[in-house]
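Trainee: I should like to learn how to read the features of a protein model. Where should we begin?

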Amino acid sequence: MYQYKTRGTCSSEIDVDLEGDTVKSVKIIGGCNGNGKGICALVEGMKANEAIRRLKGIKCGFKSTSCPDQLAVALLQAKEQQLHK
């Protein structure tokens, strides 16, 4: 399980569990509850690279990031951590 402290969003943390290159589970803590649960449900079972491709760069209103964009960052870092185990 990889824990990522978000930056620039209403959520405060994203917990990611990868199984190889597949997203096993995601939990977004804080932020818009329903949207967070929806994003998590959509990416579970997806290849991490595909989720990153789809989510990276999404903005929330006038913010430079969003919960989906922060999830992409969390996935990138989780993959990096996996390589160094």
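Mentor: We begin with two definitions. Two strands pair if DSSP finds at least two bridges between them. Helices (H or I, at least four residues) and strands (E, at least two) are DSSP runs, numbered from the N terminus. This is a predicted model, in which local features need pLDDT of at least 70 and side-chain atom pairs count only at pLDDT 80 or more, while totals for chains, interfaces and linings use all residues. Residues are numbered from 1 along each chain as its sequence is written, and side-chain values use heavy atoms, with hydrogens and water left out.

Trainee: How many bridges join β2 to β3, and in which sense do the two strands run?

Mentor: β2 and β3 are antiparallel and are joined by 8 bridges. L18 faces V23 of β3 across this pairing. The two strands form a hairpin with 2 residues between them, and G20 in the turn has a positive phi of about 70°.

Trainee: What is the pairing of β1 with β2?

Mentor: This pair is also antiparallel, over 4 bridges. Q3 stands opposite D15 in β2, and the bridge partner of K5 is E13. This hairpin has 5 residues between the strands, and G8 takes a positive phi near 80°.

Trainee: In what order do the strands lie in the sheet?

Mentor: The order is β1-β2-β3, in an open sheet of 3 strands with antiparallel pairing. β1 and β3 are the edge strands, each pairing on one side only. From one strand to the next the twist averages 20°, where axes are lines fitted to C-alpha atoms, for helices over the stretch in contact, and angles run from 0 to 180 degrees between N-to-C directions.

Trainee: Is β2 mostly covered or mostly uncovered?

Mentor: Buried means under 20% relative accessible area, exposed over 50%, and partly exposed in between (1.4 Å probe, protein chains only). By that rule, β2 is mostly covered, with 7 of its 9 residues buried.

Trainee: What span should helix α3 have?

Mentor: The expected span of a helix is 1.5 Å times one less than its number of residues. Helix α3 (residues 67-83) has 17 residues and should therefore span 24 Å, which agrees with the 24 Å between its end C-alpha atoms.

Trainee: Against which elements do the buried residues of α3 pack?

Mentor: Contact means heavy atoms within 4.5 Å. The buried residues of α3, among them L71, A74 and L75, pack against β1, β2, β3, α1 (33-43) and α2 (48-55).
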